[in-house]
Amino acid sequence: MKEKFYITTAIAYTSGKPHIGNTYEAILADSIARFKRFEGYDVFMQTGTDEHGQKIEEKAAAAGKTPKEFVDGVAKEIQSIWDLVGVSYDKFIRTTDEYHEKQVQKIFKKLYEQGDIYKGSYEGWYCTPCESFWTESQLVDGKCPDCGREVKKSQEEAYFFKMSKYADKLMQYYNEHPEFILPVSRKNEMVNNFLKPGLQDLCVSRSSFKWGIPVDFDNKHVVYVWLDALTNYITGIGYDVDGNNDELYNKLWPADVHVIGKDIIRFHTIYWPIFLMALGLPLPKKVYGHGWLLQEGGKMSKSKGNVIYADDLVGFFGKDAVRYYVLTAMPQDNDGLISWESVIETINSDLANVYGNLVSRTIAMSNKYFGGIVENTNVNEPVDEELKAVVTSARDKVKAKMDEYKIADAILEIMNLFRRANKYIDETMPWALAKDAEKQDRLKTVLYNLTESIIIGTSLLKPFLTDTADKVSAMLNVKLREYDQADKFGLIDSVKVTETPEILFARLDSAKVMEKVNAMIEERKEKVEVKKEEKKDQPKTHDHTAKEQIDFEDFAKVELRVALVTACEKVEKSKKLLKLTVKLGEETRTVVSGIAGYYTPEELIGKKLTMVTNLKPAKLCGIVSEGMIVCAEDDNGNIAYLSPEKDVPDGSMVF
């Protein structure tokens, strides 16, 4: 019977589309899960989405949707991205799933009834993006100590969990299980910054918003994010508070590792273990807090159009190239960096030059010299043993790194195998052997050794580059090695390789790729500007109460004139803007106006409108607008342009 291995990611927050830094974690956890399957473990991987909270409620309202409609769309997008990058999850949980919500209510009630949760009130500073309360002393320069954003003063009734009750027990667990938190630096941070100063009771309900799981015995409250989100690791596999657990839960819990970002390590190594202690459940074996994948050259910003998304990267470079980059760019103890240029450089240097070139040369030489037949004639030289030593020792080196969750180092061991094989080509010079009829058997052995090296290296690489490994297997016409044979050299007798090998990773022209990338970024920046202008021009019901009085001199500063519309067309990149060409006596101007939802271009041509003519020019969707059309708006947001009651010449002043 296979040994089980239960691995989870943190569930992704459904506030918007995840960028590549968010997606990295799913790829990281997937590579661990796939390697464990390769080793022979019975692996269960769970991921999913975190869908409640005030931020979701606010974003849904801004989008004109119900919270459930909003999270349904985002959750679908997150799952599609996970699928795109090859995440082999066994379960995708959503915290809006009915079974999860039911168990969270039961967990909350159990903890309340046993005295771990009590009712009180909270007054402090609240960070909406982080869903966290802070005291005055915890703020940094008056802002959230986690994300640096603005906080709001908040006071409300809430339920609290008695964290301090379990602090000593948690510290004891740390001491008895030194491997619980990885890397060790994260453990030191938890002890010194949180446990030693003393744990404060934790707010576990909110009463100032509604989008959450209701506390079933006090409907004024909803369960606060962390008690809701963290419990997904047990509800998703069938935990039941009443003891009617699914067999899956009995088989899988405790989890072997939670893979999470370093920003939420506190919640997973302090709050979560304490919740489990209160429920009388075993703690997870490990919590691995990885660093952040940061953008080189500055912060990702939607307004700058430079946010890097996984689907964009896959579109340019392919799934496996993206997986390779993010997994090798992140050292275990530090943050990693990403840029379009560095991805291109890595693909060219590692995947094209080292790995792809090795496979291509080996297959090409096998076809050129022996009609694609690869066989061992055992004409050996000392250099062969050096190659074989590197190849056969690679599996255990990779395993050792993977056991420590040093994924970048594990992949480096595999790439060292391929680099050694490339060096072997230079040492043996097959092209020179091919010219000597007496050295044909030696040439066959050289190509055989290269083929075996590729098979073993590719077998080890498959958990990381899933599609590429299968392509190489097909081109060599061999099965990849199982784990117990991935350290053995010389297992194939002979094979016939493909006559038309596929280019695994073509060398990229950085300038050409970046030209396309920059065009995409500029297009996105323009779309953001369009949305800003549409929002600015979007008809809305104004406050029609009287405004404060102004002097005649203030009113006299506004120049109003009659404008004749001589041409009109829709703005291509906008649903709400029209481009009008207007005549003002002898002068012709261009005006962009947000009235496309109320008039067609044909309706406006030939009409005389009232126009503000002394506004400073502004660029909307790349078009310079030289004025503003004056419109009236009723209480329902309906728009009507203002026109002279009698026909007057265009350019006439309005006063």
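1. Is F5 buried or exposed? With a relative accessibility of 5%, F5 counts as buried, a word used for residues under 20% relative accessible area, while exposed means over 50% and partly exposed lies in between (1.4 Å probe, protein chains only). The model is a predicted one, in which local features need pLDDT of at least 70 and side-chain atom pairs count only at pLDDT 80 or more, while totals for chains, interfaces and linings use all residues. Residues are numbered from 1 along each chain as its sequence is written, and side-chain values use heavy atoms, leaving out hydrogens and water.

2. F5 is found in strand β1, residues 4-9, where strands (E, at least two residues) and helices (H or I, at least four) are DSSP runs numbered from the N terminus. Leaving aside residues up to four places away in sequence, F5 touches several residues, including I32, F44, V257 and Y405, contact being heavy atoms within 4.5 Å.

3. Two packed helices are described by the distance between their axes and the angle between them. The axes of helix α15 (residues 407-428) and helix α17 (residues 440-461) come within 9 Å and cross at roughly 170°; axes are lines fitted to C-alpha atoms, for helices over the stretch in contact, with angles from 0 to 180 degrees between N-to-C directions. Helices α15 and α17 are therefore roughly antiparallel, the term for angles over 145 degrees. Among the residues that meet are F418 and Y424 in α15, and L450 and I454 in α17.

Conventions. Parallel < 35°, antiparallel > 145°, perpendicular 65-115°, else oblique.
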